[in-house]
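Please consult the sequence and the coordinates shown here alongside the text.

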Amino acid sequence: MTSPCSPEIFGADPAILKWNIIRGDTSPMKIEFYQNDETTPYDMTGWTFISTAYDFKGDILDELDVVAGEGFVEITASSDITALWGTGYNKVVAELAFDLQVTVDGTTVWTPVIGTIAVLGDVTGGSL
């Protein structure tokens, strides 16, 4: 039997996103959660969220800021974190993995979003 708050109800397959971020910039991303009618937002009362970026080269995890609203979450990579991502003078100075994980009912863990962060060099800061 499927729980009313299980990943099977929402969709077990995560959305796969590519997030472009300029090194040293603050970058927000808004993710919305709609029911099957595609207009009614989910009641996310009691849901807890966490988002993390992972740098394969440095083997470093950075926790991203997550703020939940009515039917959406906003993930933000702050400038103090993105300033540390990547080195060199290439157009893409780093690629990181990231995800958004939610605990729905206190025990059910679901990862609705996974993806890649492409960190682009900033011209003003002199990395490009």
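The sections below treat the basis of the model, its sheet and its salt bridges.

## Basis of the analysis

The model is predicted: local features need pLDDT of at least 70, side-chain atom pairs count only at pLDDT 80 or more, and totals for chains, interfaces and linings use all residues. Residues are numbered from 1 along each chain as its sequence is written, and side-chain values use heavy atoms, with hydrogens and water left out.

## Sheet architecture

An open sheet of 7 strands has the order E1-E7-E6-E3-E4-E5-E2, with mixed pairing. Strands (E, at least two residues) are DSSP runs numbered from the N terminus, and two of them pair if DSSP finds at least two bridges between them. E1 and E2 are the edge strands, each pairing on one side only. On average, neighbouring strands of this sheet are turned by 25 degrees against each other, direction ignored; the axes are lines fitted to C-alpha atoms, and angles run from 0 to 180 degrees between N-to-C directions.

## Individual strand pairs

Strands of a sheet pair through backbone hydrogen bonds, either parallel or antiparallel. Strand E3 (residues 48-55) is antiparallel to strand E6 (residues 92-103), with 8 bridges between them; Thr-52 has Asp-99 in E6 as its bridge partner.

Strand E5 (residues 72-77) pairs with E2 in the antiparallel sense over 6 bridges. E5 also runs antiparallel to strand E4 (residues 60-68), to which 4 bridges join it. Val-73 in E5 is the bridge partner of Ile-31 and also of Ala-68. The hairpin of E4 and E5 has 3 residues between the strands, and Gly-71 there takes a positive phi near 85 degrees.

## Salt bridges

Side chains of opposite charge can pair when their charged atoms come close. With a salt bridge defined as a side-chain nitrogen of Lys or Arg within 4 Å of a carboxyl oxygen of Asp or Glu, the count is 2.

One of them links Asp-122 and Arg-23, at 3.8 Å from N to O. Asp-122 lies in the segment after strand E7 (109-120) and Arg-23 in the loop between strand E1 (15-22) and strand E2 (27-32), so the pair ties together parts that are 99 residues apart in sequence. Asp-122 is buried at 18% relative accessibility, and Arg-23 is buried at 10%; buried means under 20% relative accessible area, exposed over 50% and partly exposed in between (1.4 Å probe, protein chains only).

Lys-30 forms a salt bridge with Glu-32, where the closest N and O atoms are 3.9 Å apart. Glu-32 is partly exposed, at 43% relative accessible area, and Lys-30 is partly exposed at 48%.
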